[in-house]
Amino acid sequence: MNKVVFQSAFVAAVFLLSFLMVLFSCDNNGEKGRQITDYKEYTLTVASKKVISGNMNYYSHNATFFSEVYAVKKENSQIWECFSGISGFGYESGFEYKIRVGETGYLDYSMGDPAWTEYKLLSVISKEKKESSDVPPAFFPEGMEFQPIDPQYVIDADEKEFVETDIENNPYLLWKHSIVINEDMSRFAVVDEKFNIVAIGAIEKETVESLSFPVSYKILVPEGEIAGYMNWEFTYQTSAAMDQSASRNYDVFLTLYPLCESKSPGESRYRVWIYKDLTEYYRNKFPDANVKAVVIRHTIS
């Protein structure tokens, strides 16, 4: 065998051996499957109400997703933390709990996210009907917070008091709450004045022409320079009192306003003006009121 042939055969043999070692290693890892990497038990205090958490979702352009979570204190801690789920825990709002949980860490390289933690209820130590104190309104990334919704409406009708009374007493039409919307305006969460969860959901957005909006909006025009016209569909994943239906459409104006405390000169952000024309709705509901126009607007900074 000449020298060149010998070298080629040697290189091929080394390559084959390396391939078999990698293949064996992969098979060996596959045989291990799911592994327990850690286990511990401890006591938790669980707050009497759930709160909203905002977590980054790296599979969706790093946008924040909102969810309903437990607020808990671990042993010997005075700080409330968030827990997304406790297996076997039959939680009832309005009660503060002390429970014993088991925390198990797992590892499985066949999973998309190989390392994760699960929590399981071991026992309920106490269950007391009370309002937990100093519970944070939410667990949000820095800089994110709830914004008050400024609801307004204009009624043009001969018998406007009937329409006004109906609007004021209908929480599905007039949002007297606070809202948080994530960075790309794809998710939202709503709370009441005590930060009880009202609704969590998604927003489907569509850019439209201003000509598609009802002429009635001219009686309640948005303030500032208009930067865009859209249609937003709110889909409610969790809804206590926000709306009777699973989703609802609104017309939206976007305006720009400067950030007074911004370190960058000229930096601005959007103000959202959410509109709904209810003229036909109230013409049908109060046919004798001679309704000419009814417009509701909710403003979010």
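Of the 301 residues in the chain, 39% count as buried, meaning under 20% relative accessible area, with exposed standing for over 50% and partly exposed for anything in between (1.4 Å probe, protein chains only). This is a predicted model, where local features need pLDDT of at least 70 and side-chain atom pairs count only at pLDDT 80 or more, while totals for chains, interfaces and linings use all residues. Residues are numbered from 1 along each chain as its sequence is written, and side-chain values use heavy atoms, with hydrogens and water left out.

The chain has 3 helices and 16 strands; these are DSSP runs numbered from the N terminus, with helices (H or I) needing at least four residues and strands (E) at least two. Of the contacts with a separation of 6 or more, 64% come from residues 24 or more positions apart, a contact being heavy atoms within 4.5 Å.

Now to the rings. The structure holds 26 aromatic pairs; rings of Phe, Tyr and Trp (its six-membered ring) pair if their centres lie within 6.5 Å, and planes under 30 degrees apart count as stacked, over 60 as edge-to-face and the rest as tilted. Phe66 and Phe140 make an edge-to-face pair, 5.8 Å centre to centre with 65 degrees between the planes. Phe66 sits in strand β3 (residues 63-74) and Phe140 in the loop between β7 (138-139) and β8 (147-148), so this pair links distant parts of the chain, 74 residues apart. Both Phe66 and Phe140 are buried. Phe213 and Phe253 are edge-to-face because their ring centres are 4.9 Å apart and their planes are at 70 degrees. Phe213 lies in the loop between β12 (197-207) and β13 (225-239) and Phe253 in strand β14 (residues 247-258), so the pair ties together parts 40 residues apart in sequence. Both Phe213 and Phe253 are buried. Elsewhere, ring pairs join Trp175, Phe188, Trp232, Phe234, Tyr236 and Tyr250 into a cluster.

Arg34 lies over the face of Tyr106, 5.7 Å from the ring centre, and the charged end of Lys129 sits over the ring of Phe95, 4.9 Å from its centre; the cut-offs are NZ of Lys or CZ of Arg within 6 Å of the ring centre and within 35 degrees of the ring normal.

Finally, there is Ile36, which lies in strand β1 (residues 35-46) and is exposed, with a relative accessible area of 60%.
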